[in-house]
Amino acid sequence: MPDPSRWPNGLKSVVDYVHSKGMRLGLYGDIGTRTCAGFPGLQWDPESGEPEHSFEQDAKQMADWGVDAFKVDGCNANISDMKVTYPALGAALNATGRPMVYSCSWPDYERSLSVPVDFELVAKHCNTWRIFW
């Protein structure tokens, strides 16, 4: 949901401009209901104000904009769901057919709760990931 006051011509025009300069563009999001800064997350349905658990629409929108990378945080997500939600988002991104780097923060959230991180599962679904220690 791009802020129209910040991006009056939409994000597609920003991506096109960045690409015209020979660079790539990445976006930041959150697998939960809100980003770490309190903006709507990927599981937020703006019409109902309730969490939404389908990532296809967002993945298609980013692919249509031409986004090259997507860094996904998990500030307002259920950590016990991350082994399902992060792979589901990765599958939705892959289904668009647009090559996009997918950076997952899921291992760091598991680490913070002393949950053993399954790095083989993470590597299967994410191109890069954040880990604190």
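Let's start with K60, which forms a salt bridge with D64, the closest N and O atoms being 2.7 Å apart. By salt bridge I mean a side-chain nitrogen of Lys or Arg within 4 Å of a carboxyl oxygen of Asp or Glu. Please keep in mind that this is a predicted model, where local features need pLDDT of at least 70, side-chain atom pairs count only at pLDDT 80 or more, and totals for chains, interfaces and linings use all residues. Residues are numbered from 1 along each chain as its sequence is written, and side-chain values use heavy atoms, with hydrogens and water left out.

Back to our pair: K60 and D64 both sit in helix 2 (residues 56–65), 4 residues apart, about one turn of the helix. Helices here are DSSP runs of H or I with at least four residues, numbered from the N terminus. K60 is partly exposed, at 48% relative accessible area, and D64 is partly exposed at 44%. The cut-offs are under 20% for buried, over 50% for exposed, and partly exposed in between, with a 1.4 Å probe and protein chains only.

Now, how many salt bridges does the structure hold? There are 8. Another one joins E110 to K83, with the closest N and O atoms 2.7 Å apart. This pair links distant parts of the chain, E110 being in helix 4 (residues 106–112) and K83 in helix 3 (residues 82–95), 27 residues apart. E110 is buried at 2%, while K83 is partly exposed at 34%.

Finally, have a look at the network of salt bridges that links K71, D73, D108, R111 and R130. Within it, D73 pairs with K71 at 3.5 Å between the closest N and O atoms.

Methods: Helix = DSSP H or I, 4+ residues; strand = E, 2+ residues; numbered from the N terminus.
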